[in-house]
Structures are given as structure tokens and as C-alpha cells.
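Student: Please take me through one part of this structure closely. I would like to look at its aromatic rings.

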Amino acid sequence: MKKSQIIEKQIRDAKKNFNYFFIQIIIKIIRIFLMFTLFLLINQIFDILIINIITLILTLYTAFYIYYIINYYGYYLNDIQNTFMNEDFSYIIDTEVIKNELLKGEVNYGK
């Protein structure tokens, strides 16, 4: 009886970790896109050759960095899924966690 409770606790923790890593993928990709978008706006305002070259390099870096993020966290997601083969893991997007991670400086009064 005690072993089944321990296994159930491990499965619950694994599902929480699975969702945590999935949310981290989303947060990091959103941050990269926001920084990239800001730099593209600067490129549109100042249309200079040097800024165009830097933007091209940043575009390539952004593509490789997004691939690295997905590959890095995808390893953990696959490891969790392969450890518990019979369990069904679902992707749950927690908007509160995303909001708190992206807007860290926001003060919540009354909470």
C-alpha cells in the first residue's frame, strides 16, 4: 500500500515537472521573440548598413538559440515521458506562471 502511494506521488511530481519545463520553453521563446522584435523595429527606424548586418547576424543567432532551447528542454520532457511510459502527460499552459515570469516587476496589491 505504501509503495503505491509513493509511486502516485512520483507521478504527480513528474506531471508538475513536465508542465514546468513546457512553460519554461514557452517563456524563453517569448522573451527571445520580444527582444528580436525590438531589434527589428530599431532596424526599421535606422536603416543603416551596419545595423542591417547586425540584424542578419541576430536573426541567425535567434534561430539557433530557439532550436537550442527546444532541444534542451525537449530532452527533459522526453525523459519524463519515457520514465513513465504508461502515464498520459498533457501540456497545460498556466497563464499565471507565464504572466509572473514575464512581468516580474509587477506589484500585486491585495494578494
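**Aromatic rings, pair by pair**

Tutor: Start with Tyr 73, which is buried at 10% relative accessibility (buried is under 20% relative accessible area, exposed is over 50%, and partly exposed is in between, with a 1.4 Å probe and protein chains only). A word on the source: this is a predicted model, where local features need pLDDT of at least 70, side-chain atom pairs count only at pLDDT 80 or more, and totals for chains, interfaces and linings use all residues. Residues are numbered from 1 along each chain as its sequence is written, and side-chain values use heavy atoms, with hydrogens and water left out.

Now the rings. A pair of aromatic rings is described by the distance of the centres and the angle of the planes. Rings of Phe, Tyr and Trp (its six-membered ring) pair if their centres lie within 6.5 Å; planes under 30 degrees apart are stacked, over 60 edge-to-face, and the rest tilted. That rule gives nine aromatic pairs. One of them is Tyr 68 with Tyr 72, a stacked pair with 5.9 Å between centres and 20° between planes. These two sit four residues apart in helix α2 (residues 49–83), so about one helical turn separates them (a helix is a DSSP run of H or I, at least four residues, numbered from the N terminus). Tyr 68 is partly exposed, at 47% relative accessible area. Tyr 72 is partly exposed too, at 37%. Tyr 72 also pairs with Tyr 73: the centres are 5.1 Å apart and the planes at 80°, so this pair is edge-to-face.

Finally, step back. Tyr 68, Tyr 72 and Tyr 73 belong to one aromatic cluster, whose members also include Tyr 20, Phe 21 and Tyr 61.
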